[in-house]
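Subject: Model handover and notes

Hi,

Here is the structure I promised to pass on. My notes follow below it.

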Amino acid sequence: MADAEEIAQGHARWQARYDAARTRDADFSTLSGEPVEPVYGPPPGVDVPGFERIGWPGEFPYTRGLYPTGYRGRTWTVRQFAGFADAEQTNERYKMILASGGGGLSVAFDMPTLMGRDSDDPFSLGEVGHCGVAIDSVADMEALFDGIDLGQVTTSMTISGPAIPIFCMYLVAAERQGRDVSRLNGTLQTDIFKEYIAQKEWLYPPEPHLRLIGDLMEHCTNEIPAFKPLSVSGYHIREAGATAAQELAYTLADGFGYVELGLSRGLDIETFAPGLSFFFDAHVDFFEEIAKFRAARRIWARWMRDHFGATTERAQWLRFHTQTAGVSLTAQQPYNNVVRTALEALSAVLGGTNSLHTNALDETLALPTEQAAEIALRTQAVIMEETGVGNVADPLGGSWYLEALTDRMEEQAELIFEQIRAKGTADHPIGPITSGLLAGIRDGWFSAEIAESATRHQQALEKDEKRIVGVNTHTSTISGPLEILRISHEVERGQRERLAQRRAERDQRAVDDTLAALLTATRDPATPNLIPAILAAVRAEATLGEICSTMGQEFGPYVETPRF
């Protein structure tokens, strides 16, 4: 229990840190001109049971945020997830996003790229450029960022299975721009656990993927310290049908697994842990989402300190990106999606997100048009510039309802952690959480748990116990069909033609030599790190499919265990 004196001492610590911090040059008053304090807490002299679990912004356990200034110091980064057709067309969209106020870029890749296949692969037929941008080689990566200074922009890349070869292409593209690669900043998703749990876009069995991820963590820690090699993704887990508590617990457990991986590689937790970031879904239940974000910071900080021995703030911080819920969007009455997205984005901001992507109203039908993407960007601008929600750190902190929800989220997550740990063994070479994760993946437990949650939700909709406007309530409408973005089949034809031309013009002997060296390195478990061999293949103009299939000769395929 926190007594009044302890609360006062905590406020004094916060005040000192706030006074020493830098704040934005902005008006932090209400619309009516009333001044507001940067943070609010209990009245002086009042004992508050459990206040140590709430605390002050910028102080362990970071329930109320990582920074004493909240958004007064720095607003969240405005990102827009974008990628379609070929690199040239996506490049135009990126320049529009940056000109419209975007603070960073988030790359969406097409399905062949996500599966490590080239555009001329027979399995790529009909999929090139349709759900993201097609990237076959470093030449495409150069075109994707043509005229965009990779030394200045932060880039998030949503890809896991072939993340390491794609990242190597990004590094070589930066080299060819003349940038200092060691100073690059951004995030690579890389989270293979969530692929087996929810999204199902893996290339190899789990252990080879973990080998590659360990190599990436080492490389970024030693060579590119500002770049975050892992964005642990709960977004796809939630989109697959998980509850908020399952999204929270499975995501943090995945993160614990990657911490164990880094420690098993001999990395210093104080150095590599700040390179881990997170990616959450902001769904439509407003207060539940805010509670989830606050609980995530608190759980992560406590586990990093108490279970893994991290002592520095940055190693205990959970920094996260948020995307509004794609699964909440409806094809029926799609203009309602603007309202849903705005509320979801607001919950992310009130939960203290570090960066944010807002979905476009037409994304349930197709990739967004430029007009829909602009509305999505302006949604963030309205929240940031007009609502005043950034004037006060954790403005809902201390709400009886919100704090009870936050506590309940933490309790549910801890119960799930125990289930995961019980599935594994304590003597696993990476660690007990990793062992439990791998066991749950192989026996289909995660998939079954998510499927059960999704089924319960669907049944509630069918019984009208839960309602979605435009779907099972308020279904009459005067809205007509939307104009949507359609990807021409000429995109695939053009991509295949360019790929054929690049193959014809490159030095094939150099390609063959670097791929042979990569295969040799892959087959040798004593190879300290595969990144240099992959970089050499990329510089020789080897394609994504060639690099991934070369490693696949050793790693082999993975077939999911059926679960009914």
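Is C548 buried or exposed? C548 is buried, at 6% relative accessibility. Buried means under 20% relative accessible area, exposed means over 50%, and partly exposed is in between (1.4 Å probe, protein chains only).

Before the rest, the ground rules. This is a predicted model, where local features need pLDDT of at least 70, side-chain atom pairs count only at pLDDT 80 or more, and totals for chains, interfaces and linings use all residues. Residues are numbered from 1 along each chain as its sequence is written, and side-chain values use heavy atoms, with hydrogens and water left out.

Cysteines

The structure has 0 disulfides. The criterion is a pair of cysteine sulfur atoms within 2.5 Å. C548 is in no disulfide, and its nearest cysteine sulfur, that of C168, is 11 Å away. C131 is partly exposed, with a relative accessible area of 34%.

Helix α16

This helix spans residues 432-442. Helices are DSSP runs (H or I, at least four residues), numbered from the N terminus. α16 is mostly covered, with 8 of its 11 residues buried. Among them are I433, L437, L438 and I441. The buried residues of α16 pack against α6 (193-199), α7 (206-223), α9 (244-264), α11 (286-306), α15 (400-423) and α17 (445-462). Contact means heavy atoms within 4.5 Å.

S435 sits in α16. S435 is buried too, at 9% relative accessible area. Leaving out residues up to four places away in sequence, S435 touches G424, T425 and H428. Just after α16, G444 takes a positive phi of about 75°.

Second largest pocket

Its volume is about 1,100 Å³. A pocket is an open set of points on a 1 Å grid over the protein atoms alone, where a 1.4 Å probe fits, with protein on both sides within 12 Å along at least five of seven lines; lining residues have an atom within 4 Å of a point. Points are joined across faces, edges and corners, and the volume is the space filled by probe spheres set on them.

The lining has 37 residues. R238, H283, V284, H457 and K466 lie nearest the centre. α17 gives the largest share of the lining, 7 residues. By class, the lining divides into 17 nonpolar, 11 polar and 9 charged residues. Here Ala, Val, Leu, Ile, Met, Phe, Trp, Tyr, Cys and Pro count as nonpolar, Asp, Glu, Lys and Arg as charged, and the others, Gly among them, as polar.

Best wishes

Conventions: Helices (H or I, at least four residues) and strands (E, at least two) are DSSP runs, numbered from the N terminus.
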